[in-house]
Amino acid sequence: KLILVLNGPNLNLLGKREPGIYGSATLDDIAKALEERATALELTIETRQSNHEGALVDGLHEAQARGAHAVLLNAGAYTHTSIALLDAIRAIDVPVIEVHLSNPHAREAFRHTSWVALAAKGTVAGFGADSYLLALEAAARL
Ligand code: DQA
């Protein structure tokens with residue numbers, strides 16, 4: 001069972017980017033932790049990152065084409081702006097779990113709206129890098 005982990009803009013800078021908010025783990029650290037846990041759960045993980053909205057749309061289409069079991073999606077700031085991502089999630093049958101390191105609801109008002117959430121199976125937010133691992137546990141149970 002394939003789990004595709006799609007990461008949006010600026011998440012390539014994790015570890016260096018506003019560490020007080022996003023923590024010191026890099027995206028590579030997160031990918032490795034996910035792979036370890038996925039092996040124990042007999043799941044296959046592929047982790048991607050793009051700063052481009054359309055590449056994330058392509059990733060969601062790819063999840064459908066490859067019959068993925070689930071997608072973990074941290075769309076970064078596109079969470080709050082992208083109707084294209086909302087439409088892509090609605091266009092596929094693969095369940096999408098929304099992931100955030102921070103808790104957007106505890107931050108600026110412009111982060112309180114999530115277009116992704118309208119179509120996501122559920123959301124894990126606010127647990128730092130562990131948000132991804134908790135989302136993986138949820139994906140394994142689907
Ligand atoms: C984020 C939260 C978003 O509001 C922000 O734009 C990000 C990261 C998170 O993981 O906490 O880039 O998705």
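Predicted model: local features only at pLDDT ≥ 70, side-chain atom pairs only at ≥ 80, totals over all residues.
Me: How do two packed helices get described, and by which two values?
Reply: Two packed helices are described by the angle between their axes and the distance between the axes. Take helix 2 (residues 27–40) and helix 5 (residues 130–141). They pack at an angle of about 25°. Their axes are 10 Å apart.

Me: Are helix 2 and helix 5 roughly parallel or roughly antiparallel?
Reply: Angles under 35 degrees count as roughly parallel. Helix 2 and helix 5 are therefore roughly parallel to each other. Helix 2 passes helix 5 in a right-handed crossing.

Me: Which residues make the contact of helix 2 and helix 5?
Reply: From helix 2 come I30, A33, L34, R37 and A38. From helix 5 come Y132, L133 and L136. By type, the residues of this contact are 7 nonpolar, no polar and 1 charged.

Me: At what angle do helix 3 and helix 4 cross?
Reply: Helix 3 (residues 53–65) and helix 4 (residues 83–91) cross at roughly 5°. Their axes come within 9 Å. That makes helix 3 roughly parallel to helix 4.

Me: Which residues meet there?
Reply: Helix 3 brings E53, L56, V57, L60 and H61. Helix 4 brings A84, L85, A88 and I89. The residues of this contact divide into 7 nonpolar, 1 polar and 1 charged.

Me: Now the annotations. Where does UniProt place the "active site"?
Reply: The unreviewed UniProt entry places the feature at Y22 and H100. These residues are spread over 79 residues of sequence, yet they cluster in space. The largest C-alpha distance is 9.3 Å.

Me: Is H100 buried or exposed?
Reply: Count the other C-beta atoms within 10 Å. A residue with 20 or more is buried. H100 has 26, so H100 is buried. H100 lies in strand 4. Leaving aside neighbours within four places in sequence, H100 is in contact with N74, A125 and S131.

Me: And how does Y22 count?
Reply: Y22 has 19 C-beta neighbours inside 10 Å, so Y22 counts as partly exposed. Y22 is in helix 1. Beyond four places in sequence, Y22 is in contact with L14, R17, L101 and S102.

Me: Which residues does the "binding site" annotation cover?
Reply: The unreviewed UniProt entry gives N74, H80, D87, L101, S102 and R111. They are spread over 38 residues of sequence. They are also spread in space, up to 24.1 Å between C-alpha atoms.

Me: Where does S102 lie, and what does S102 touch?
Reply: S102 lies in the loop between strand 4 (96–100) and strand 5 (122–125). S102 is partly exposed, with 17 other C-beta atoms within 10 Å. Residues up to four places away in sequence aside, S102 touches I21, Y22, R107 and G126.

Me: Where is R111 found?
Reply: R111 is in the loop between strand 4 and strand 5. R111 has 16 C-beta neighbours inside 10 Å, so R111 counts as partly exposed. With residues up to four places away in sequence left out, R111 touches H80 and P104.

Me: Last, backbone angles. What is phi of N10?
Reply: N10 has a positive phi of about 75°, although N10 is not a glycine. N10 lies in the loop between strand 1 (2–7) and helix 1 (19–22). N10 is partly exposed, with 14 other C-beta atoms within 10 Å.

Me: What about phi of E42?
Reply: Phi of E42 is near 60°, a positive value in a residue other than glycine. E42 is in the loop between helix 2 and strand 2 (44–49). E42 has 8 C-beta neighbours inside 10 Å, so E42 counts as exposed.

Key:
Residues numbered from 1 in each chain as written. Axes fitted to C-alpha atoms, helices over the stretch in contact; angles between N-to-C directions. Helix = DSSP H or I, 4+ residues; strand = E, 2+ residues; numbered from the N terminus. Parallel < 35°, antiparallel > 145°, perpendicular 65-115°, else oblique. Left-handed = near helix turned anticlockwise from the far one by under 90°. Contact = placed C-beta atoms within 7 Å. Nonpolar A, V, L, I, M, F, W, Y, C, P; charged D, E, K, R; others polar. UniProt positions renumbered as here; feature names shortened; annotations may be inferred. Buried ≥ 20, exposed ≤ 12 C-beta atoms within 10 Å, placed from the backbone.
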